[in-house]
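Dear colleague,

Please find the structure below. My notes on it follow.

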Amino acid sequence: MSDRPAPKEPARQPPIIIVVIAAIAVAVLALPLIGLLQRTPWPSLGSTLGKASTLEALRVSVVVSILAATVSVVLGLPLAWVLARLSFRGRALVRAVVLLPMVLPPVVGGIALFFALGRRGLVGRALQNAFGVDTLIGTTAGAVIAAAFVSMPFFVITAEAGLRQLDPRLESAAATLGAGRWTVLRRITLPLLAPSLAAGATLSWARALGEFGATITFAGNHPGRTRTLPLAIAQANESAEPEAAIVMAVLLIGVSLVVLIGLRHRWITPYAHKPANSPQTSPS
Amino acid sequence: MNIQAEIQAAVGAFCIQAVIDTQSGSCTVIVGPNGAGKTTLIHVLAGLIPLRKGKVVLAGQVVDNPARNIRVPPNHRPIALQTQPNLLFPHLNVIENVAFGARCSGLNTRLARQRAEKWLHKVGMADMANLFPTHLSSGQAQRVGLARAAACQPNILLLDEPLTSLDAETRTNMRHLLTDIKTTRVLITHDPIEIRLLADQLLVMEKGEIIQAGTPEEVAADPRTQWTAKLLDINLLTGTATGTEVTLNNGFILTTTTPLTGPVLITFPPTAVTLSTAEPHTSARNTWQAQVARIQPEGDRVRVILDTPIPCRVWVTLQAVNELRLNTGTRCWAALKASELTVRNA
């Protein structure tokens with residue numbers, strides 16, 4: 001072994017081909033945005049943004065997307081736990097059903113929701129009889145349900161992956177040190193899962209913010225209640241107000257970028273690689 | 001009677017069966033080849049694996065009795081477990097890890113921290129209290145794991161190979177710590193020195209069953225399997241060193257090559273001693289007249305156990321046994337080279 005040349009140092013320069021392909025990928029994703037920005041009527045930007053209808057759509061979008069992400073987390077976390085930790089007959093089927101909204105065209109989701117929750121739908125009628133809920137159609141609650149329908153899978157899939165990566169022996173170790181079920185959940189499971197939960201919540205919120213098809217099909221397009229920014233953009237585009245559509249699109253992009261950049265540490269950096277707030281020492 | 005257990009349990013197709021009875025404050029050491037079921041047994045005591053049949057009583061509390069539908073969860077047992085692959089909580093720093101058990105027992109943050117600091121000090125990790133587990137070497141992590149279990153101050157401390165990743169010096173310190181802890185301890189180890197120095201009771205496991213139990217001396221004197229014989233075939237003496245001379249506890253003086261002072265441990269392999277009928281005139285620095293206490297043939301070798309003045313185990317060939325006419329009670333000369341002795345501070 002000793003007479004062989006020492007192995008080469010790993011190349012400092014990244015392989016050119018990979019960098020080129022990565023650059024093409026960025027171009028595919030970024031070029032449409034540049035096209036949009038290039039057509040943006042910057043001088044009239046302020047006045048269009050300040051219009052009551054724009055601000056209203058922004059408000060509906062923020063409210064609906066945050067509520068939808070909340071619903072996704074509250075319902076999705078126990079679901080992710082069941083999928084990750086329990087083995088039962090039909091688990092594969094349940095997981096497929098859970099992920100279905102990711103592949104279905106949102107319009108199909110909207111139609112399906114209509115048949116389930118509409119005034120004469122499977123559950124809708126029961127809701128009306130039991131609680132006097134007139135209808136979800138045309139209400140913000142309906143828009144939230146539509147957005148949650150398409151965005152929850154993103155949370156469930158991320159949270160389940162996080163749960164599967166979590167070493168269950170850490171939880172039993174905590175139990176053998178005297179921690180009861182709730183203490184284990186509060187001090188071990190949830191903190192260890194936090195990066196995955198943050199990532200899943202961010203993804204599902206982002207999906208809900210961009211949601212269009214299911215919302216317009218199920219909840220309708222009512223200003224102040226269900227007309228989110230994507231709906232308002234489509235409306236403006238169709239009613240020969242392309243400038244307004246572009247301005248609102250820029251607004252939507254801006255809001256998304258601010259949140260995604262702001263949360264980047266939460267959803268791509270796991271706890272273990274967080275720099276320790278104390279100096280590193282060499283192992284003894 | 002701190003632990004009284006009749007255990008029948010299974011993990012998948014692997015079954016274990018054991019009867020354990022330990023005194024309060026004693027140290028029970030479990031040894032056995034890999035896959036013998038040592039960890040499984042400790043996990044049954046901890047409550048991580050359900051009992052299929054039998055009964056476990058810990059510190060007077062029935063914690064397992066399937067016949068009466070009793071199964072106390074781990075957190076309500078009077079135990080703390082140090083886990084083998086040091087499962088420190090990666091999101092908590094060293095002191096938070098060690099304080100975890102105390103917090104669970106209801107201590108407030110300040111008192112739990114104080115207790116954690118005390119134990120970190122005992123394992124020599126006080127200056128790394130704020131580091132996260134990813135920044136620790138395996139030996140450091142192991143000491144934190146030991147402190148974390150000990151800081152629970154349980155009635156019974158369950159230790160799964162607590163000292164394996166430590167260097168010789170730290171290992172000695174931690175062994176002293178384990179000797180000083182006066183709670184009931186159940187310990188898994190592969191180290192013959194730890195067995196001799198720590199065990200009040202030695203349990204030998206193989207294929208899920210306890211095949212031998214007794215004091216280390218009893219088991220070493222009559223090992224039931226080759227594996228056990230091999231494990232315990234190390235000669236261990238204690239004495240006081242002055243330079244390269246070590247006075248054994250019975251007054252006999254051995255010459256070593258490592259100058260040390262104070263209490264020391266001497267170990268040497270059973271192949272290091274040569275026997276002869278007449279006084280040897282070799283370069284060996286240590287010679288003495290010995291008496292054969294036992295002879296145990298094992299394959300083509302024979303284990304000769306000598307008693308006074310230096311109780312030790314010697315491997316010789318069958319041929320040598322015949323030539324020397326060795327038998328129980330035979331007197332012969334023993335020679336031991338100083339360079340064969342490993343000496344370290346006790």
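In which sense do β12(B) and strand β13 (residues 253–268) of chain B pair, and over how many bridges? They pair in the antiparallel sense, over 12 bridges; two strands count as paired if DSSP finds at least two bridges between them. Helices (H or I, at least four residues) and strands (E, at least two) are DSSP runs, numbered from the N terminus.

This is a predicted model, in which local features need pLDDT of at least 70 and side-chain atom pairs count only at pLDDT 80 or more, while totals for chains, interfaces and linings use all residues. Residues are numbered from 1 along each chain as its sequence is written, and chains are lettered from A and ligands numbered from 1 in the order in which they are written.

In chain B, an open antiparallel sheet has the strand order β12-β13-β19. Its edges are β12 (235–248) and β19 (342–345) of chain B, each with a single partner strand, so one side of each has no neighbour in the sheet.

As for the chain contacts, 27 residues of chain B are in contact (C-beta atoms, placed from the backbone, within 7 Å) with 22 residues of chain A. On the chain B side, β7, α2 (94–104) and α4 (138–150) of chain B give two or more residues each.

In chain A, helix α8 (residues 168–176) is followed by A:G178, whose phi is positive, near 105 degrees.

With kind regards

Technical notes:
Two residues are in contact if their C-beta atoms, placed from the backbone, lie within 7 Å.
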